[in-house]
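Subject: Handover of a structure

Dear colleague,

Please find the structure below, together with its sequence. I would be grateful if you would look through it before reading my notes.

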Amino acid sequence: MASSSTHLQPPALPSVAENDDSDVDNLQIEAEESYTTSLKSSITNYRYENGRRYHAYKDGSYFLPNDEDESDRLDLFHHIMSLRCGGELHLAPIGENPQRILDLGTGTGIWAIDMGDKYPSAEVLGNDLSPIQPSLVPPNVRFEVDDIENDWIYGSEFDFIHSRYLAGSIRDWPKLMRQAFKFTKPGGWVEFQDFDMKFYTTNGEFTPGCPLDQWTEGVVEGIKAFGLEPEPGPKLEGWVRGAGFENIHHRLLPIPVGQWPKDKKLKEIGAFDLIQFLDGLEAITLRVFTVALGWTSEEVQVFLADVRKDLKNPKLQAQHNFHVVWAQKPLNAQ
Ligand SMILES: C[S@@+](CC[C@H](N)C(=O)[O-])C[C@H]1O[C@@H](n2cnc3c(N)ncnc32)[C@H](O)[C@@H]1O
């Protein structure tokens, strides 16, 4: 584990009255086995709600499921973002031979795996509350179960720290940024990519108050009620600056929903984004609306039928904003 979690302490070893080494060894092995078993179950003893599976470690602190449907959606999201970033995995100029890369809240680990393939020089570490990453990965890629809001205790700094789509995951972004600053090598880079939840249109028929708009309002309100930040995207640049990074870059990437754009590339991205939303709508909504806003799951399903209609309506020309911020730790920083 990379952080100083108080959650997962090993049980105290039983005391041994007589100084018999074999007894001590046996008890130690038993204690370690029991520690490993309780550690494993605290991570994999998943919670089920409304037919969806949720993370066990830090139970209840994150609102999206961690089941196969959600993993498929996250992999599709990775494809959408790769397309939207012109085929690039990141925009920060990290050079050809980075040594240590950290991916915060790695999800299925697909970005970390692609980075491991792209940069054989690098050791890539991805962490997450859920151990949903594959075990067959490039030899330079590793995953850990961890809560990135805990204090980080990595042995050495990273050349590149990255996070993507942590909307609704983090309580204290300024602290996360301070930790990222501390654990970036002087001259190294960070990159944060995240959402502004709300939909808008420039020329279409999307109107404030329509079901799609009500839906994002509800998601934002519910995530806030959980004490989490629903829309980190527009705030990333200010947090990065506040943490002490320099050479800050900010790119705004509108993402269309549906095939309404004329531009061929955006049309393709919009087609995938529509599938991503239709597949993920229930996952994004259920825990937030039932637990935070007090709706029944039946009420949610009825409402989502209207939201789906809006998502599929090309006349709305709906899009939402994604922010990419990358920055460098000053060379003279400690
Ligand atoms: C929406 S997913 C994005 C996954 C991945 N970054 C991507 O772009 O595909 C957010 C991920 O952050 C993880 N997460 C949420 N809160 C976390 C925390 N406090 N510590 C570590 N991981 C966390 C979730 O388990 C989930 O896998």
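The notes below describe what was found.

This is a predicted model, in which local features need pLDDT of at least 70 and side-chain atom pairs count only at pLDDT 80 or more, while totals for chains, interfaces and linings use all residues. Residues are numbered from 1 along each chain as its sequence is written.

The protein chain has eight helices and nine strands; helices (H or I, at least four residues) and strands (E, at least two) are DSSP runs, numbered from the N terminus. Of its 334 residues, 40% count as buried. A residue is buried if 20 or more other C-beta atoms lie within 10 Å of its own, exposed if 12 or fewer, and partly exposed in between, with C-beta atoms placed from the backbone.

The ligand is surrounded by 22 residues, and the closest are G105, G107, I148, R164 and S169. Helix α2 (68–84) and strand β4 (123–128) each supply at least two residues of the shell, and α2 gives the most, with three. By class, the shell has nine nonpolar, eight polar and five charged residues. Here Ala, Val, Leu, Ile, Met, Phe, Trp, Tyr, Cys and Pro count as nonpolar, Asp, Glu, Lys and Arg as charged, and the others, Gly among them, as polar.

Helices α4 (residues 173–182) and α6 (residues 236–243) pack at an angle of about 50 degrees, with their axes 9 Å apart. Axes are lines fitted to C-alpha atoms, for helices over the stretch in contact, and angles run from 0 to 180 degrees between N-to-C directions. The angle makes α4 oblique to α6 (under 35 degrees is roughly parallel, over 145 roughly antiparallel, 65 to 115 roughly perpendicular and the rest oblique). Residues in the contact include W173 and F181 of α4 and W239 of α6; two residues are in contact if their C-beta atoms, placed from the backbone, lie within 7 Å.

Two residues deserve a look for their backbone angles. Most residues other than glycine have a negative phi. K58, however, has a positive phi of about 60 degrees and is found in the loop between β2 (52–54) and α2. N247, in strand β8 (residues 246–256), has a positive phi of about 55 degrees. N247 is partly exposed because 13 other C-beta atoms lie within 10 Å.

Yours sincerely

Note on methods: Near = placed C-beta within 6 Å.
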